[in-house]
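Look at the structure, then follow the questions.

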Amino acid sequence: MLAPAMSRIIRHNRVNRAATVIASDLQNAFAVAARQREPVRIQADASNRSYQFVDRKTGAVLRIRTFYGDTSEYRLTSLVFTPATFDVFPNGVSSTAVVIDLANGDYAKQITASTAGFIRVKR
């Protein structure tokens with residue numbers, strides 16, 4: 001009897017923790033762009049449920065974050081950035097507003113980021 005309830009709790013916990021990490025990473029992208037005085041590009045890969053921060057000028061990968069597979073504590077079944085690629089500029093704005101949908105099974109969260117860098121976790 002406890003197995004289905006525990007499974008649901010674990011799924012919810014994984015999605016909630018992943019949403020916190022993603023929101024924190026987005027805030028850090030704005031900070032890194034300002035600190036380095038260079039634009040940062042965020043590129044998402046929905047099929048691999050991952051994203052990376054890239055120095056737009058040099059193409060150097062600054063961070064890669066993966067949310068799938070047995071090596072990930074989150075094991076998300078879905079991670080979709082809309083749009084999949086956007087830039088964060090040193091003046092604190094991004095090239096577009098972003099919506100990120102993430103899920104593990106039937107439990108989902110949504111993260112929004114405005115062009116002004118306001119990050120919000122919904123649902």
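**Putting words to values**

Q: Why is Arg 41 called partly exposed?
A: Its relative accessible area is 27%. Buried means under 20% and exposed means over 50%. Arg 41 lies in between, so partly exposed is the term. Keep in mind that this is a predicted model.

Q: What makes the contact of Arg 41 and Asp 87 a salt bridge?
A: The N to O distance is 2.7 Å. The cut-off is 4 Å, between a side-chain nitrogen of Lys or Arg and a carboxyl oxygen of Asp or Glu. The pair is within that limit, so the term applies.

Q: Which parts does the pair of Arg 41 and Asp 87 tie together?
A: Arg 41 lies in strand β1 (residues 40-45). Asp 87 lies in strand β5 (residues 85-88).

Q: How do you know whether Asp 87 is buried or exposed?
A: Set its relative accessible area, 7%, against the limit. Buried means under 20%. Asp 87 is therefore buried.

Q: What other salt bridge does Asp 87 form, and how far apart are the closest N and O atoms?
A: Asp 87 also bridges to Arg 56, with the closest N and O atoms 3.1 Å apart. This pair links distant parts of the chain, 31 residues apart. Asp 87 is in strand β5, and Arg 56 is in the loop between β2 (50-55) and β3. Arg 56 has a relative accessible area of 37%, so it counts as partly exposed.

Q: What makes Asp 25 and Arg 63 a salt bridge?
A: Their closest N and O atoms are 3.0 Å apart, and the limit is 4 Å. The pair links helix α1, which holds Asp 25, to strand β3 (residues 61-66), which holds Arg 63. These residues are 38 apart in the chain.

Q: Why do Asp 25 and Arg 63 get their accessibility terms?
A: Asp 25 has a relative accessible area of 2%, so it is buried. Arg 63 has 35%, so it is partly exposed.

Q: How many salt bridges does a search of the whole structure find?
A: The search finds 8.

Q: Why is Met 6 called partly exposed?
A: Its relative accessibility is 45%. Exposed would need over 50%, so Met 6 stays partly exposed. Met 6 is found in helix α1 (residues 2-36). With Ile 9 and Ile 10, Met 6 forms a nonpolar patch on the surface. Together they have about 270 Å² of accessible area.

Q: How do you know that β4 and β6 pair?
A: Pairing takes at least two bridges. Strand β4 (residues 78-82) and strand β6 (residues 98-104) are joined by 5, so they pair. They run antiparallel. Thr 82 stands opposite Val 99 in β6.

Q: Which residues make up the covered and uncovered faces of β4?
A: Leu 79 and Phe 81 form the covered face. Ser 78, Val 80 and Thr 82 form the uncovered one. In a regular strand, side chains alternate between the two faces of the sheet.

Q: What is the secondary structure of the protein chain, and why is the chain called as compact as a globular protein of its length?
A: The protein chain has 1 helix and 8 strands. Its radius of gyration is 15 Å. The globule rule gives 14 Å for 123 residues. The two values are close, so the chain is as compact as a globular protein of that length.

How values were computed
Residues are numbered from 1 along each chain as its sequence is written. This is a predicted model: local features need pLDDT of at least 70, side-chain atom pairs count only at pLDDT 80 or more; totals for chains, interfaces and linings use all residues. Side-chain values use heavy atoms; hydrogens and water are left out. Patches are made of residues with over 30% relative accessible area and no salt bridge: like charges are joined within 9 Å, nonpolar side chains (Val, Leu, Ile, Met, Phe, Trp, Tyr) within 5 Å. Accessible areas come from the Shrake-Rupley method with a 1.4 Å probe; for residues, only the protein chains shown count as cover. Helices (H or I, at least four residues) and strands (E, at least two) are DSSP runs, numbered from the N terminus. Buried means under 20% relative accessible area, exposed over 50%, partly exposed in between (1.4 Å probe, protein chains only). The radius of gyration is taken over C-alpha atoms; the globule rule is 2.2 Å times the number of residues to the power 0.38.
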